[in-house]
Amino acid sequence: MITATDLRLTFGEGTPLENPALRGMSLTVNQGEFVTVIGSNGAGKSTFLNALAGEVLVDSGKILVDNINVTKLPTHKRTGRVARVFQDPLAGTCEGLSIEENLALAIKRGKRRGLGTAVKKQYLERFRSSLATLGLGLENRLTDKMGLLSGGQRQAVSLLMASLTPSSILLLDEHTAALDPKTASFVLELTQNIIAEQKLTALMVTHSMKQALEVGTRTVMLHQGEVVFDIAGKDREGLEVKDLLNLFEQQRGLTVDDDSLLLS
Amino acid sequence: MLSNIAFYGALETGLIYGLVAFGIYLSFRVLDFPDLTVDGSFPLGAAVAAMLIIAGWNPWLATGAAILAGMAAGAVTALLNVKLKILNLLASILTMIALYSINLRIMGRPNVALLMEDTVLTPWYKLGLEYYQVPVLLFTLVIGVSLFLLWRFMKSETGLAMRATGANARMARAQGIATGGMIVLGVAVSNGLVGLAGALFAQSQGAADVTMGVGVIVIGLASLIGGEAVITPTSVFRALLACVVGAIIYRLAIAFALNADALGLKAQDLNLITAVLVTLAIVLPGARVSLMNKFKRRKA
């Protein structure tokens, strides 16, 4: 469970480029929820995710993960509870290391690393069986360098790495945006399967309103660093993109002018 | 051709610079941290070992102290970068400059001779080998052990975390790796190896000199790049092996260049030869590929 209360963060405070990214953002994500997050460019989606992960520290506000205050903790001290998949398929894995070495890094996420061999024999069977679920034939290529894989394959492995050890929340930052449509739908399906199978709590940022409504159990829309609406359950069922737009206009008295939100 | 003495001499220095190349591999390649501290930590290792040996310490203990001194120097560079956010290259230059004064302080004068002192080499002279073969034997053992330990370390959980830190720091952090700590550890170990090299160099040459570190970084890089041109570093083991092979080839090439009377080169041309060799080592692997492509095209 994640509780973010009144998060505020301004980039470049006191300079001409001052940019308030989060302006009192509050959100509670309960155990087992799969929340999709939408919003136009500059709405604060990525900043919010980075704040939860610890890549940026907020100016004020409080972040609780499983009732533990992580507001001031750097990224690496949160990883026992927070797992993450990046937008850039090259960012989530290490291309110079082999597939098994990447997985061995992930299996120790948030744990102490010692001087024992990293790629232990007892891991290999688990690596193979999890890679087999991807259906990409990667289970036979454990010692291949990650750099030999395509963007989609690497994103699939990133997803696997994020779910290899248990976490309180999985953060997905537009993780299908940089892939071609076919690969994107494959990775999205994989995401849904993994989240359903392991009953993960997840927060997925997306640029597509359609996707935001089709996937997950709850949808949150951000605008100018705040939550403008938050729908789940019955209210969300059968909702279409134009309903979302109406909702947004009602809430704000604004029209959505970001084409990419409407078209994608 | 080379005389026996010149040949073994080149091997001996080559093996020592192999340790330097290990250190530079760790900082430049594994951590992507251009570290010039080595120009200071090499004479630091020499100075610490020499002074402790003169003070009556066991030479192996003195060498161990030199390793620790090198590690401390590396840690200072890394901390300047990680904690004070000074650019890595600049941080290493600051430590290097500071070490010049520190080395003078340690020795109390610009150079210290180790004549008539017991060194790590002394017991090995009793084996009945030629005097110029003894350092080669001992240093081969030292570099073999170092290579094995480094290789095991790189394969360990911590070593893998270090490799991820250099290759993709954001991913490393997302996997819960304290990247700052990894940089401090890696640069410290790197300079510890260079300190060891300095300590062995002082003991085999019979003196420590405050200027002996000048250009160590270039020689180490030359060894690293040259080795990678000969042995493609597709695995950690091959990369480490390339360091040793590169360092030995480099010293042999220098020895040949200086010995070949026809070329008319003299000892003072050493740095010029180094610069030419490094340039060749960087350019040749690329040239080989483009030549092969030309050849293929003609055949087709």
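This report covers the confidence of a predicted model, the contact between its chains A and B, and the packing of helices and strands in chain A.

**Confidence**

For the complex, the predictor gives an ipTM of 0.86 and a pTM of 0.88. Chain B has a mean pLDDT of 91, and 96% of its residues reach 70 or more. Within chain B, confidence is highest in helix α3 (residues 59–82), at a mean of 98, and lowest in helix α11 (residues 270–299), at 73.

**Contact between the chains**

Chain A contributes 24 residues to the contact and chain B contributes 18 residues. On the side of chain A that touches chain B, the elements giving two or more residues are α2 (75–78) and α3 (99–107) of chain A. The largest share of that side, four residues, comes from α3(A). By class, the residues on the side of chain A that touches chain B are eight nonpolar, eleven polar and five charged.

**Helix packing in chain A**

Helix α5 (residues 151–163) of chain A packs against helix α6 (residues 181–197) of chain A at an angle of about 10°, and their axes are 10 Å apart. Because angles under 35 degrees count as roughly parallel, α5(A) is roughly parallel to α6(A). The crossing of these two helices, α5(A) and α6(A), is right-handed.

| Helix | Residues in the contact |
|---|---|
| α5(A) | A:Gly152, A:Gln155, A:Ala156, A:Leu159, A:Ser163 |
| α6(A) | A:Thr183, A:Phe186, A:Val187, A:Leu190, A:Thr191, A:Ile194 |

The contact of α5(A) with α6(A) has six nonpolar and five polar residues, and no charged residues.

**Sheet in chain A**

Chain A has an open sheet of six strands, in the order β6-β7-β8-β3-β9-β10, with mixed pairing. The edge strands, each pairing on one side only, are β6 (82–85) and β10 (226–232) of chain A. From one strand to the next, the twist averages 20°.

Strands of a sheet pair through backbone hydrogen bonds, either parallel or antiparallel. Strand β3 (residues 34–38) of chain A and strand β8 (residues 202–205) of chain A run parallel and are joined by four bridges. In this pair, A:Phe34 stands opposite A:Ala202 in β8(A).

Helix α1 (residues 45–53) of chain A lies across several strands of chain A, namely β3, β6, β7 (169–173), β8 and β9 (218–223). Relative to β7(A), helix α1 of chain A runs at about 145°.

Notes. Residues are numbered from 1 along each chain as its sequence is written. Chains are lettered from A and ligands numbered from 1 in the order in which they are written. This is a predicted model: local features need pLDDT of at least 70, side-chain atom pairs count only at pLDDT 80 or more; totals for chains, interfaces and linings use all residues. Two residues are in contact if their C-beta atoms, placed from the backbone, lie within 7 Å. Ala, Val, Leu, Ile, Met, Phe, Trp, Tyr, Cys and Pro count as nonpolar, Asp, Glu, Lys and Arg as charged, and the others, Gly among them, as polar. Axes are lines fitted to C-alpha atoms, for helices over the stretch in contact, and angles run from 0 to 180 degrees between N-to-C directions. Angles under 35 degrees count as roughly parallel, over 145 as roughly antiparallel, 65 to 115 as roughly perpendicular and the rest as oblique. A crossing is left-handed if the near helix is turned anticlockwise from the far one by less than a right angle, and right-handed if clockwise. pLDDT is the predictor's confidence in each residue, from 0 to 100. Two strands pair if DSSP finds at least two bridges between them.
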